[in-house]
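Trainee: Could we go through this one together? I'd like to know what stands behind each label before I use it.

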Amino acid sequence: MKKLIFKLLFWIFVILLIIFSIIFGFGYLKYKNAIDEISIADKIKQIQENENYTKLDNISEDYKNAVVSIEDHRFYTHSGIDIFSIIRSMYANIKNKSLDYGASTISQQVGRLMYFSQEKSFIRKASEIFVAFELEKNYSKDEILELYLNLMYFGNGYYGIHDASQGFFEKSPKDLTFYEATYLAGLPNAPSIYSENEELAEERRLQVENAMKKYGYLD
């Protein structure tokens, strides 16, 4: 009986290994095609040339801390992917028979926003991992975070923290109050919903605030 179970587990492992190899193989091809069309360095230069591109020093500390807390609290310690989040999301997706639970780090999300669509697929996930690794290899954490804050979508047609700050509160990102910072940090999770529903947006804002408390950004 034990021998049979061992064989079964072995073949499950082999099948999973083959599946992951195929996914990451196609993911690498997708990544390679993207960077062959325009390199990461050139893509970043293109993004930074936007007249509303905002440097990290000109963004509220509360807002930066809020985003890291709610989006990727291990951002400053991982190397591009968060193994704990991947395992947790895999379990949730299997349990709910869906792809609704993601485990993308800020670095992965920058890769997606730079090159890929919102399409939910394992191949796209794999391709953004390759971009994330290259970003982590060649850029500092603060440079990656700065890119992310300038690429995020907040709803109502606002892309990037500059446009969102001006559009929602008519002020620069550096002058955001704590309330405004936590409000904006919550929007990108579901921009079309939160930007149109104040009650849900406030619930999300409180989630952001609680995450900041949980991960040491607030007393």
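Predicted model: local features only at pLDDT ≥ 70, side-chain atom pairs only at ≥ 80, totals over all residues.

Trainee: What makes Ser104 buried or exposed?

Mentor: Its relative accessible area is 15%, and buried means under 20%. Ser104 is therefore called buried.

Trainee: Which residues does Ser104 touch, not counting those up to four places away in sequence?

Mentor: Glu71, Gln109, Lys125 and Glu128. Tyr179 is another matter: 75 residues along the chain from Ser104, with 26 Å between the two C-alpha atoms.

Trainee: Stepping back, how many helices and strands does the protein chain have?

Mentor: Eleven helices and zero strands. Reading along the sequence gives α-α-α-α-α-α-α-α-α-α-α. The C-alpha trace spans about 65 × 40 × 30 Å along its principal axes, and 43% of the 219 residues count as buried.

Trainee: What share of the contacts with a separation of 6 or more comes from residues 24 or more positions apart?

Mentor: Those residues account for 64% of such contacts in the protein chain.

Trainee: Now H7. Why is H7 called largely enclosed by the rest of the structure?

Mentor: Count its residues: nine of the eleven are buried, so H7 is described as largely enclosed. The buried set is Lys141, Ile144, Leu145, Glu146, Leu147, Tyr148, Leu149, Asn150 and Leu151.

Trainee: Which helices do the buried residues of H7 pack against?

Mentor: Helix H2 (40-48), helix H3 (61-71), helix H5 (106-115), helix H6 (122-138) and H8.

Trainee: Take Ala185, in helix H9. What makes Ala185 buried?

Mentor: The relative accessible area of Ala185 is 0%.

Trainee: Which residues is Ala185 in contact with, leaving aside neighbours within four places in sequence?

Mentor: Tyr63, Ala66, Val67, Ile70, Glu71 and Val208. As for Asp62, Ala185 is 123 residues from it in sequence, yet 9.6 Å away in space, C-alpha to C-alpha.

Trainee: Why is H9 called roughly perpendicular to H11?

Mentor: Helix H9 (residues 178-186) and helix H11 (residues 198-214) pack at an angle of about 105°, and their axes are 8 Å apart. Angles of 65 to 115 degrees count as roughly perpendicular, so that is the label for H9 and H11.

Trainee: Which residues of H9 and H11 meet?

Mentor: On the H9 side, Phe178, Tyr179, Thr182, Tyr183, Ala185 and Gly186; on the H11 side, Glu198, Ala201, Glu202, Arg204, Arg205, Val208, Glu209 and Met212. By class, this contact holds seven nonpolar, two polar and five charged residues.

Trainee: On to the loops. What makes Asn156 partly exposed?

Mentor: Asn156 has a relative accessible area of 41%. Buried needs under 20% and exposed needs over 50%, so Asn156 falls in between and is partly exposed. Asn156 lies in the loop between H7 and H8, and its phi is positive, about 55°, although it is not a glycine.

Trainee: How do you know that Glu170 is exposed?

Mentor: Its relative accessible area is 72%; the cut-off is over 50%, so Glu170 counts as exposed. Glu170 is placed in the loop between H8 and H9, and its phi is also a positive value in a residue other than glycine, near 55°.

Trainee: Last one: which helix gives the most to the lining of the second largest pocket?

Mentor: H8, with four residues. Helix H7 (141-151) and helix H8 (160-169) each supply at least two. About 150 Å³ of space lies in this pocket, and its lining divides into five nonpolar, five polar and one charged residue. Among the lining residues are Asn150, Leu151, Tyr159 and His162.

Key: Residues numbered from 1 in each chain as written. Heavy atoms only, no water. 1 Å grid on protein atoms, 1.4 Å probe; cavity = no way out; pocket = protein on both sides within 12 Å on 5 of 7 lines; lining within 4 Å. Points joined across faces, edges and corners; volume = space filled by probe spheres on them. Nonpolar A, V, L, I, M, F, W, Y, C, P; charged D, E, K, R; others polar. Axes fitted to C-alpha atoms, helices over the stretch in contact; angles between N-to-C directions. Parallel < 35°, antiparallel > 145°, perpendicular 65-115°, else oblique. Contact = heavy atoms within 4.5 Å. Buried < 20%, exposed > 50% of the residue type's maximum accessible area, 1.4 Å probe, protein only.
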